[in-house]
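Have the model open in your viewer and a pencil at hand. Try each exercise by yourself before you read its solution.

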Amino acid sequence: MRVTIKDVSRVSGVSIKTVSRVLNNERYVGAETRARVQAAVAELKFRPSMAARSLAGRRSFQIALICDNPSPYYVYEMQSGIRDRCVLDGVRMIAQPYDRNATTLLDELESLVDATHVDGLILTPPVSDNPDVLDLLARRGVRFVRVSPGSGLELGPATFIDNEAAAAVMTTHLLTLGHHRIGFIAGHPSYATSAQRLRGYVRALGAADIAFDPDLVCEGSYDFASGSIAAAVLLDLAKPPTAIFASSDDMAAGALTTAHRRGLKVPEQLSVAGFDDTEMAGFVWPPLTTIRQPTRQMAYQAADLLLAPVDAEVPAEQRELPFELVVRESTGVVAGPR
C-alpha cells in the first residue's frame with residue numbers, strides 16, 4: 001500500500017500539520033522535531049505527492065534553470081548542483097535552454113512561468129544580467145537567484161566567484177614563469193565574466209610593470225572553435241606570445257589544438273592556461289593549468305538560496321565561493337622568443 005503523510009505522522013509522533021511543515025521546509029519547526037520527521041520519511045521511503053503538496057502549500061515544488069552556455073561541461077555541472085539541492089526538499093528542476101540572441105526570450109520565459117508556476121528561477125550568464133528579464137520577473141513577482149552577475153547585486157540573491165582576482169592569479173602565475181608576452185582570449189562580451197577576467201589579466205600585468213598590448217587580446221565565444229581561431233591570430237603576430245591564457249577551458253583546448261597543428265611543443269615552446277577546471281581540463285594533452293571554478297557548488301548554493309524561506313526584512317544574500325589555481329603540465333618556464 002502507498003505510504004501516506006498519516007503514516008509519517010504516526011511513526012514520527014507529530015501532527016500531520018507539522019509533517020507538512022517539515023516537508024515544505026517551513027520555518028518554526030524545532031531541529032529535533034524536524035530530524036524525527038525526516039527519519040520517519042526515510043524509514044518509510046515516503047514520497048509526497050507533488051500535486052497534493054502544490055494544492056496544500058500554493059507552491060509547485062518546481063524550480064527552473066535558465067541556461068545558455070556553449071560549454072556542455074558547465075551546463076552539466078550546473079544541472080548536477082541544482083539537482084543535488086532539490087533532492088533534499090523533494091523539488092523538481094526544470095532545465096530551460098535559451099538563445100541569448102532570440103527575440104522571443106521574454107515570451108518564452110513568461111510562457112514557462114505561466115505553464116509551470118515554478119517557485120523560482122536560477123539565472124546563469126548572460127541572462128543573469130539581462131535588464132529586461134530582471135524587470136519581467138520583478139513585475140511578475142517571480143523569485144530568482146543569479147549566478148555570476150556582473151552588476152546590481154542589490155537586485156537579488158546571487159552566487160559567484162571573484163573572476164577578476166582569479167584571472168589576476170593565473171596571469172601572475174604565467175609571469176612568475178618568465179612570460180612577458182601573454183596572449184589573452186576573452187569570452188563573448190555579452191557575458192559579464194568576460195570583462196571581469198580581462199580586468200584581472202590587465203591588473204596583473206600592471207602590477208608587474210608590463211605594458212598592456214591590445215594586440216595580445218582576442219575575443220572568443222567560450223567554445224572550442226573560437227579558442228582555436230583566436231590562438232591562430234595570436235600566433236600569427238610578428239612577435240607571438242610565449243603563453244596563452246584563455247578565459248575558459250573549452251577555448252584553451254582549442255588553443256592547444258592550434259599549437260599542436262603548428263608543431264609547437266606545449267609547454268616547452270608555448271604555455272597554455274584555461275579557466276573553469278572542467279573534466280576536459282584533465283583529458284586534453286598536456287593537461288591544462290587552469291582556475292578551478294566551483295560551478296557545481298555555485299549551482300547548489302543558488303538552489304539553496306532559492307529554496308530558503310522568504311524573509312522580507314533580510315537583505316538579499318550574496319554567496320561568494322573560493323576559486324583555486326590548479327597547476328598542471330600545460331604551463332612551464334618560458335623558453336625565450338621563438
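The exercises below work through a predicted model, with a solution after each task.

**Exercise 1. A helix and its end**

Find how far helix 5 reaches from its first C-alpha to its last, and compare this with the expected span. Then list which of its residues are buried.

Solution. Start with the length: helix 5 covers residues 72-89, which makes 18 residues. At 1.5 Å a residue, 26 Å is expected, and the helix reaches 26 Å, close to that value. Next, look for residues under 20% relative accessible area, because that is what buried means here. In helix 5 these are Tyr74, Met78, Ser80, Gly81, Ile82, Arg85, Cys86 and Asp89. Finally, step past the end of the helix: Gly90 follows, and its phi is positive, near 65°.

**Exercise 2. A strand and its neighbours**

Work out whether the faces of strand 4 are covered or open, then find the strands that pair with it.

Solution. Take the faces of strand 4 (residues 144-147) in turn. Phe144 and Arg146 lie on one side, Val145 and Val147 on the other, and all four are buried, so both faces are covered. Now turn to the pairing. Strand 3 (residues 120-123) pairs with strand 4 in the parallel sense over 3 bridges, and Ile122 has Val145 as its bridge partner. To get from strand 3 to strand 4, the chain passes through helix 7 (residues 131-140), in a right-handed β-α-β crossover. Strand 5 (residues 158-160) also pairs with strand 4 in the parallel sense, over 2 bridges.

**Exercise 3. An open sheet and its helices**

Which strands stand at the edges of the open sheet of 4 strands, and why is one side of each left without a neighbour?

Solution. Write down the strand order, 7-6-8-9, with parallel pairing. Strand 7 (217-219) and strand 9 (271-273) are at the edges; each has a single partner strand, so one side of each lacks a neighbour in the sheet. From one strand to the next, the twist averages 15°.

Definitions and conventions
Residues numbered from 1 in each chain as written. Predicted model: local features only at pLDDT ≥ 70, side-chain atom pairs only at ≥ 80, totals over all residues. Heavy atoms only, no water. Expected span 1.5 Å × (residues − 1). Buried < 20%, exposed > 50% of the residue type's maximum accessible area, 1.4 Å probe, protein only. Pairing = 2+ DSSP bridges. Right-handed = clockwise from strand over helix to strand, strands pointing away. Axes fitted to C-alpha atoms, helices over the stretch in contact; angles between N-to-C directions.
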